[in-house]
Amino acid sequence: MNHDHKEAFCLMTYECELCGHRESIWNSRDGVTPFAMGCRRPGCDGIANHVEWEKDSYLPDHLPEPGDLLWIDMPDSLRMPLARRRVAQFVGTPYYPPEDVMEETLTNIAASYREGEPWLIRWLGGEDTLAEMTSLAARLREALPAAFVSEWLGEMVGSPLAVLRIVTRAFKDGRFIEAPQEQEES
Ligand SMILES: [Zn+2]
C-alpha cells in the first residue's frame with residue numbers, strides 16, 4: 001500500500017505510564033498520530049504512550065463500532081473554538097491578550113494548527129443507517145429474549161443514536177441491558 005505515514009489505518013494501543021490504563025485507537029486516515037497524550041482515565045495526570053508498535057494492525061477497511069476511539073483530521077470548524085479555549089486559560093494572568101489585539105491573537109492561534117492535525121473522537125455510530133440498525137438488532141437478539149427485543153426495537157425508532165449510545169455502553173461494560181420503563185397510557 002502506498003501511504004505517506006506508516007501508522008496509516010492502523011489500530012494502535014496507548015498505555016498510561018502512571019496507572020497502566022490501556023486504550024485501542026484506530027487511525028482512520030493516512031495521517032500522523034501522537035506518540036503520547038494525556039491519560040484519558042478520569043483523575044489520572046499520567047502520560048499515555050503509543051506502545052507495542054510491532055503489534056499495530058493495518059486495517060484499511062476497519063468498521064468502527066459505536067463507542068470506539070478514532071484518530072481523524074482535526075476539523076477546520078474547531079480551529080476558532082480551540083483558539084478561544086487556549087486564550088481562556090490565561091484569564092487573570094499577564095498573558096491574557098488585551099481587547100485591541102484579541103481578534104488578531106485568536107486568528108493567529110487558529111491558523112497555527114497544522115493541516116491534518118490528529119484529533120481524537122469517539123465513534124457514535126454516524127448516520128442512522130439501516131445497516132447499523134440491522135447489526136444492532138442482531139447483537140440484541142443474541143443477548144435478549146425475542147419478545148423483549150421486538151418491543152424494544154419498536155421504541156428505538158424515535159432516537160436511534162441515543163439508543164446506540166446506551167446499547168454500546170451496556171455491551172462494553174458487559175452488563176445486561178435493563179428493560180425500558182413501562183410507558184404510561186395516554
Ligand atoms: Zn493514567
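**From an open helix to a strand core**

Of the 14 residues of H2, the number buried is zero, so this helix lies largely in the open; here a residue counts as buried if 20 or more other C-beta atoms lie within 10 Å of its own, as exposed if 12 or fewer do, and as partly exposed in between, with C-beta atoms placed from the backbone. Helices (H or I, at least four residues) and strands (E, at least two) are DSSP runs, numbered from the N terminus. Helix H2 covers residues 99–112, and its end C-alpha atoms are 20 Å apart, which agrees with the 20 Å that its 14 residues should span at 1.5 Å a residue, the expected span being 1.5 Å times one less than the number of residues.

The structure is a predicted model, in which local features need pLDDT of at least 70 and side-chain atom pairs count only at pLDDT 80 or more, while totals for chains, interfaces and linings use all residues. Residues are numbered from 1 along each chain as its sequence is written.

The chain has five helices and seven strands, and along the sequence these follow the pattern β-β-β-β-β-β-α-α-β-α-α-α. Strand S1 (residues 10–16) pairs in the antiparallel sense with strand S2 (residues 22–27) over five bridges, where pairing requires that DSSP finds at least two bridges between two strands. Within this pair, Met12 has Ile25 of S2 as its bridge partner, and in the hairpin, which has five residues between the strands, Gly20 takes a positive phi near 80°.

S1 is also joined to strand S4 (residues 47–51), by four bridges and again antiparallel; Thr13 stands opposite Val51, and Cys16 opposite Ala48. S4 in turn runs antiparallel to strand S3 (residues 36–38), with three bridges between them, and Gly38 has Ile47 of S4 as its bridge partner. Two further bridges join S1 to S5 in the antiparallel sense, with Ser57 of S5 as the partner of Leu11.

Which residues make up the largest nonpolar core? They are Tyr14, Cys16, Ile25, Cys39, Ala48 and Trp71, six residues in all, a nonpolar core being a set of buried Ala, Val, Leu, Ile, Met, Phe, Trp, Tyr and Cys residues joined through C-beta atoms within 7 Å. In soluble globular proteins, nonpolar side chains tend to be buried together. Leaving aside neighbours within four places in sequence, Ile25 is in contact with Met12, Tyr14, Leu69, Leu70, Trp71 and Leu120, where contact means that the C-beta atoms, placed from the backbone, lie within 7 Å.

Asp61, by contrast, lies in the loop between strand S5 (57–58) and strand S6 (69–73), and Asp61 is exposed, with 5 other C-beta atoms within 10 Å. The C-alpha atoms of Asp61 and Phe9 are separated by 8.3 Å, although the two residues are 52 apart along the chain.

Over the whole chain, buried residues make up 11% of the 186 residues, and among contacts between residues at least 6 apart in sequence, 68% join residues at least 24 apart. The chain averages a pLDDT of 79, with 66% of the residues scoring at least 70; pLDDT is the predictor's confidence in each residue, from 0 to 100. Among the elements, S1 has the highest mean pLDDT (97) and helix H4 (residues 146–156) the lowest (49). Over residues 173–186 the pLDDT is below 50, and beyond near neighbours in sequence this stretch has eight contacts in the model. Where pLDDT is low, the predicted coordinates should not be read in detail.

Methods
Two residues are in contact if their C-beta atoms, placed from the backbone, lie within 7 Å.
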